[in-house]
Protein chains: 2
Amino acid sequence: MAVTTDPSRRTAEAPAAPHAGPVTLINSFVVPEGRDDAFIALWSEASAHFRAQPGFLSLRLHRALSPGAQYRFVNVARWASAAQFAAAHAHPAFQRLAARPEWREFPSSPTLHEEIRAEDA
Amino acid sequence: MAVTTDPSRRTAEAPAAPHAGPVTLINSFVVPEGRDDAFIALWSEASAHFRAQPGFLSLRLHRALSPGAQYRFVNVARWASAAQFAAAHAHPAFQRLAARPEWREFPSSPTLHEEIRAEDA
């Protein structure tokens, strides 16, 4: 999905085919320099909602160190199933949050993934 | 960094300021439909190199489920330090791999991040 400020596209598209097992949301955000605190405050409201939903497994919010990064913040969040991920995003509380005009400053590019390789040292 | 096929830009830019502590590479790849096996074979050669280097902590390779994803594969790799990340990428073995013409089919957008929030269910 291309980067967007459309509230109705603030959720990653559902899998093209039914998918069993956990899924990973990778959501990249454009955040202007100097607006980190405003972004983190807004994002934290949404993440508090998601952490309370069934199927939430984990999240990691990353901020870019590379100076030229197009997306300065990237959230990587794991869910137990695509259905639970979809239900948490269809929830009226999230829909209200996603419709807030403050998000327009922070275009995002959410995509749902399956983890196909995991290696630890 | 914008998406690129330039071998010399196959490594995330170093942090603008010295950074202490672990870092996370988020590397997104454009992979044409039908070319997953070719991409995974090439990527696996590079990941075998990185897993053997000092400072490697973990990697997770993701494939998009969302039908419209611009970047169909995303690698999220953790390193103990920015210096060890840089050394592993400056290594002649990786430079030889990154220069191979097969990569031209798979433009990438590597960015180095710090993890600023971690939550588990």
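This is a predicted model: local features need pLDDT of at least 70, side-chain atom pairs count only at pLDDT 80 or more; totals for chains, interfaces and linings use all residues.
Trainee: How do you know that β1(B) is joined to β4(B)?

Mentor: Six bridges join β1(B) to β4(B), and the two run antiparallel. Two strands pair if DSSP finds at least two bridges between them, so six are enough. Residues are numbered from 1 along each chain as its sequence is written, and chains are lettered from A and ligands numbered from 1 in the order in which they are written.

Trainee: Which strand of chain B is joined to β2(A), and by how many bridges?

Mentor: Strand β4 of chain B (residues 108-120) is joined to β2(A) by seven bridges, antiparallel. In β4(B), Glu119(B) is the bridge partner of Leu59(A), and Arg117(B) that of Leu61(A). Strands here are DSSP runs of E, at least two residues, and helices are runs of H or I, at least four, both numbered from the N terminus.

Trainee: What makes the strands a barrel, and in which order do they close?

Mentor: Eight strands close in the order β1(A)-β3(A)-β2(A)-β4(B)-β1(B)-β3(B)-β2(B)-β4(A), with antiparallel pairing. Neighbouring strands are turned by 30° against each other on average, direction ignored. Within chain A, β1(A) and β3(A) pair over seven bridges, and Ser28(A) stands opposite Val74(A) in β3(A).

Trainee: Which strands does helix α1 of chain B touch?

Mentor: Helix α1 (residues 36-51) of chain B packs on the sheet, touching β4 of chain A as well as β1, β2 and β3 of chain B (contact: heavy atoms within 4.5 Å). Its direction makes about 170° with that of β2(B); axes are lines fitted to C-alpha atoms, for helices over the stretch in contact, and angles run from 0 to 180 degrees between N-to-C directions. Helix α2 (residues 82-90) of chain B touches β1, β3 and β4 of chain B, at about 45° to β1(B).

Trainee: What is the area buried between chain A and chain B?

Mentor: About 3,800 Å² is buried, of which carbon and sulfur atoms give 56%. Buried area is the accessible area (1.4 Å probe) that two parts lose on being put together, summed over both. In chain A, Leu65(A), Arg117(A) and Glu119(A) lose the most to chain B, together 19% of what that side buries. In contact are 45 residues of chain A and 45 of chain B.

Trainee: Why is the meeting of Glu114(B) and Arg63(A) called a salt bridge?

Mentor: A salt bridge needs a side-chain nitrogen of Lys or Arg within 4 Å of a carboxyl oxygen of Asp or Glu. The N to O distance here is 3.2 Å, so the pair qualifies. Between chain A and chain B the count is eight. β4(A) is among the elements giving two or more residues to the side of chain A that touches chain B, and gives the most, 10 residues.

Trainee: What makes Arg100(A) and Glu45(A) a link between distant parts of the chain?

Mentor: Their side chains meet in a salt bridge at 3.0 Å, N to O. Arg100(A) lies in the loop between α3 (92-98) and β4 of chain A, Glu45(A) in helix α1 of chain A, and they are 55 residues apart.

Methods
Side-chain values use heavy atoms; hydrogens and water are left out.
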